[in-house]
Amino acid sequence: MKHRTKDRPLPTNRQIETRFTLIRTLVAVGIALAGCLILILVVSEEPWDAFVAFLIGPLESGKNIATVFETAAPLVYSGLAVSVMFSCNQFNMAGEGALYIGGLVASAVAVKLSLPIVVHPILALLLGGVAGAVVCAVPGILKIKLGATEIVSSLMLNYIVLYLGVYILNYFLIDPAAGFPATERLPESAQLPTLIPRTHFHVGTILAFVLCAVVYLYLYKSKQGYAIRMVGQNEKFARYSGIGVGGTILSAQLAGGFLAGMGGASEVLGSYTRFQWVALPGYGFDGVIVATLAGNNPLLVPLGALFLGYLRVGADIMSRRSDVATEVLSIVQGTIILLVASKLFLQHIKHKYIVSVAEKRESLAAAAPEAAPEGGEANA
Amino acid sequence: MPEVLRSIFSVDFVYSALRLTTPVLFAALGSLVADRAGVTNIGLEGIMLFSALTGVLGSAYSGSLFVGMLCGLVTGLFIALIMAYFSLQMKADIILTGVAMNLVATGGTVFILYSICGDKSVSTSLSSLVFPTIEIPLIRDIPVLGDILSGHNLLTYLSLVAVVVVWFFLEKSKPGLRIRSVGENAHAAESVGIHVRRVRYGALLLSGALASFGGMFLSMGMLTYFSKNMTAGRGYIALAAQALGNGSAIGTFFASLVFGCAEALSVSLQGVGLPPQFVQMVPYVATILGLVLYAALRKNTKKRVRKHKRRKRGSP
């Protein structure tokens, strides 16, 4: 271990891998933001003000920072949902529908049942989650039983769930006094209490971040989580090892759907006074971005969600203060997905670095032959 | 109910089914070409949406339908090129690439629309040109058939021509053979000197071109303006239609026709007292049912083949 005393120890390959994943993500984000700046320059009369509002706006006040957290909360739920489903290599997009139906069911529980405080929101959250799980299970079952591609069936299912939800809202839950399609006011007993006054930073926001740890333990420390990741990495090998592939796929879809449904429930109970979604809220697809940014790792999901929440709040502030539409954000998001998903993006730099570290290691080993030969091995 | 039946067995219904088949058919043919090269093009939805917008913009600003069409076509090719670059060159997952493109399209079209028209939902402030409808001589005069087949939009006829062309291209032409061999077994194709990546590039570009016409039909044929998210999942329905079509252009046509009928049904069910939400659901339910049916049939066939093989092996 002589060479280690000279300066910092050489990084192991795994450290290089982690470091480069981080750098890649940051570079991707940088490129996407640069592209966004160019677009703003093209369309805006006061591009600089717009860009400043976009990037600095969310951090200007405590209230805005709280709004970032509040915006990130549903993204955490859907990011977790997508992470679990994608970890199993299932491109199930029904998180969108699951989140929608979760919100609907939770608000139905809120307005139709009268229960004591604490019990009421918990039941609403759980039933919202169950409804979401049912939705996400459908593409999973179709895949396992019949081999129907989950991606198309789940995208179609989202539309069906939406129209079914709007039907239920319009025929069973509507409050004619509201003046627009919405349920009655959610009773106080069912609402998730707000933690920071004058914002929507509520109990559900905290719950979202707590769930990240829970999902991490599920995915990385439990037997079933191991099975899910194994099926995701190599289905044939998993089957050969005696893992029940169908059951594992289904449990991942159920867990993902439950998380998404609960996210919808938490969003409605915490940030709305009535349920009023008559279009898909889009959080399900945002989950794909969050999961991509986080590399399907539940512990990194909050970071991805907070970043996306920050961009979203920024875009919102920008559209209020300037002539740039919020939708510019979707271009940023798409670029980030494309770059982060590109396996060869910055790959050559990483290879060069790994080679140079390996060469250094070799020359050190040559210079110090008395050092144990395993030294290099352990580093690899 | 008899009212609905009467409307289904009417000339208008068949006519509108053909009309509503057009966008799905274009995209499904695009999906077919990509799929035969072994690439799943999820980005069809985004390509259609972008082309629908640029077609309108191009024709409104140039005053020429041809320029508008060119704009839409080039947009489709361009997006397909980006997808091809990221998925083939940079090795990004093709599904994620498509999802990213669709995300960019949903927001990006609104962003462009707002920057140009100051409106976030429709482009009615621009006067877009529209592909003409065509009366076919002779056929026009045949009683029932004439009403069904004549008087369609130019693009509807073009989509039918495209079915034949794509069929011929895939089954009878040399590049088509290359596409099929790459899709069948990329390694084998590579071993006989076929440039797999180049073939896939070509297939994706062709797929983008076909889908772009589907998009333009929506904004410059069916309607006369672009409206936010006007594809409404047709790009995804097209993927299902292609799967149902079992890999052939003719099959894809019939599968698309089924979805066209489902959509026409959804239109003619309006105003019969059913909740509108169920009516709107029809095309999507039909798609899932179609997928399930196809998957079930295929599974059944596989089982039969396996049984047959086993029996053959058993009796020497």
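Predicted model: local features only at pLDDT ≥ 70, side-chain atom pairs only at ≥ 80, totals over all residues.
Contact here means heavy atoms within 4.5 Å.

Chain A holds 16 helices and zero strands. Its C-alpha atoms fill a box of roughly 85 × 60 × 35 Å along the principal axes. Of the 380 residues in chain A, 53% are buried. The accessible surface of the chain comes to about 16900 Å², and carbon and sulfur atoms contribute 65% of that area. Among contacts in chain A with a separation of 6 or more, 77% join residues 24 or more positions apart.

In chain B, helix H2 (residues 11–36) and helix H10 (residues 196–222) have axes that come within 7 Å and cross at roughly 170°. Angles over 145 degrees count as roughly antiparallel, so H2(B) is roughly antiparallel to H10(B). On the H2(B) side, the residues in contact include Leu20(B), Pro23(B), Phe26(B) and Val33(B); on the H10(B) side, they include Leu206(B), Leu210(B), Phe213(B) and Phe217(B). By class, this contact has 15 nonpolar, five polar and one charged residues.

Back in chain A, the axes of helix H5 (residues 95–112) and helix H12 (residues 283–294) come within 6 Å and cross at roughly 130°. H5(A) and H12(A) are therefore oblique to each other, and H5(A) passes H12(A) in a right-handed crossing. Gly95(A), Glu96(A) and Leu99(A) of H5(A) meet Tyr283(A), Gly284(A) and Phe285(A) of H12(A). The residues of this contact divide into three nonpolar, two polar and one charged.

How values were computed
Residues numbered from 1 in each chain as written. Chains lettered and ligands numbered in written order. Heavy atoms only, no water. Axes fitted to C-alpha atoms, helices over the stretch in contact; angles between N-to-C directions. Helix = DSSP H or I, 4+ residues; strand = E, 2+ residues; numbered from the N terminus. Parallel < 35°, antiparallel > 145°, perpendicular 65-115°, else oblique. Nonpolar A, V, L, I, M, F, W, Y, C, P; charged D, E, K, R; others polar. Left-handed = near helix turned anticlockwise from the far one by under 90°. Buried < 20%, exposed > 50% of the residue type's maximum accessible area, 1.4 Å probe, protein only. Areas by Shrake-Rupley, 256 points an atom, 1.4 Å probe, with all protein chains shown as cover.
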